[in-house]
Amino acid sequence: MNKTEVIERTAEYARETLHSDSSGHDWWHVARVHRLARELGAGEGADLYVVELAALLHDISDYKLNGGDLDEGPRRAFAWLVGLGEPEDLARAVADIIATMSFKGAGTVSAMPTIEGKVVQDADRLDALGAIGVARAFAYGGFKGEPMHLPDLPPHLHASVDDYLNRQGTTINHFHEKLLLLKDRMNTPGARRLAERRHRVLEQFLADFLTEWDAGDLT
């Protein structure tokens, strides 16, 4: 099986697995991340085969949706690629990216040791910003049964992975606890450029939301 066939089979696997997701981690999220990662990776001279496979498989079993199992996603990605006949070192490189890339709290570091990991992490984080980032935040909040906003509940900047995994909050607080922090955590120049505009969309949305929450537009 050549590389094009492996990518096509992997895309179909992700599409079939995630097509019914309603949490914002669906196939179309993966497709957007795949496109962004491919473009960012080309600009950085990354191994695009590793980049594309990691982007396509990065949410095959997201820990936020599988009961908190951090190992299931990397394990399934590794097994899938080895099952297609890919060498274990390639499968491990992809699995290692998936194991490390996720945001796990304001006080934690998710540093990526390879350029392939950096661009996939950037692509995933870019899809949490901008207009689509706003939509995904509320899709996820609704999926988890979180309230949109509780004015008396301040954001909590989680200091550890366990703290973040056990978070209980609101969608508006999630902007402060994660989304607004992403712009300054991009790895590549291309991602930093895109993040500037998308970050401003988040800021404007929050300003409008809070104005309307308090009926501040009456005056």
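Predicted model: local features only at pLDDT ≥ 70, side-chain atom pairs only at ≥ 80, totals over all residues.

Student: OK, back to His34: buried or exposed?

Tutor: His34 is buried, at a relative accessible area of 12%. Buried is under 20%, exposed is over 50% and partly exposed is in between, using a 1.4 Å probe and protein chains only.

Student: Which side chain does the His34 side chain make a polar contact with?

Tutor: That of Glu52, at 2.7 Å. A polar contact is a pair of N or O atoms within 3.5 Å; within protein, one must be able to donate a hydrogen and the other to accept it, and residues adjacent in sequence count only if both atoms are side-chain atoms.

Student: And where does His34 lie?

Tutor: In helix 2, residues 27-44. Helices here are DSSP runs (H or I, at least four residues), numbered from the N terminus.

Student: At what angle do helix 2 and helix 6 cross?

Tutor: Roughly 135°, and their axes come within 8 Å; helix 6 is residues 115-126. Axes are lines fitted to C-alpha atoms over the stretch in contact, and angles run from 0 to 180 degrees between N-to-C directions. The two helices are therefore oblique to each other, as angles under 35 degrees count as roughly parallel, over 145 as roughly antiparallel, 65 to 115 as roughly perpendicular and the rest as oblique.

Student: Which residues of helix 2 and helix 6 make the contact?

Tutor: Among them are Val33, Leu36 and Leu40 of helix 2, and Val119, Val120 and Ala123 of helix 6.

Student: New topic: where's Ile132, and what does it touch?

Tutor: Ile132 lies in helix 7, residues 130-144. Not counting residues up to four places away in sequence, Ile132 touches Arg32 and Asp127. Ile132 is partly exposed, with a relative accessible area of 37%.

Student: How far apart are the C-alpha atoms of Ile132 and Leu48?

Tutor: They're separated by 25 Å, and the two residues are 84 residues apart along the chain.

Methods: Residues numbered from 1 in each chain as written. Heavy atoms only, no water. Contact = heavy atoms within 4.5 Å.
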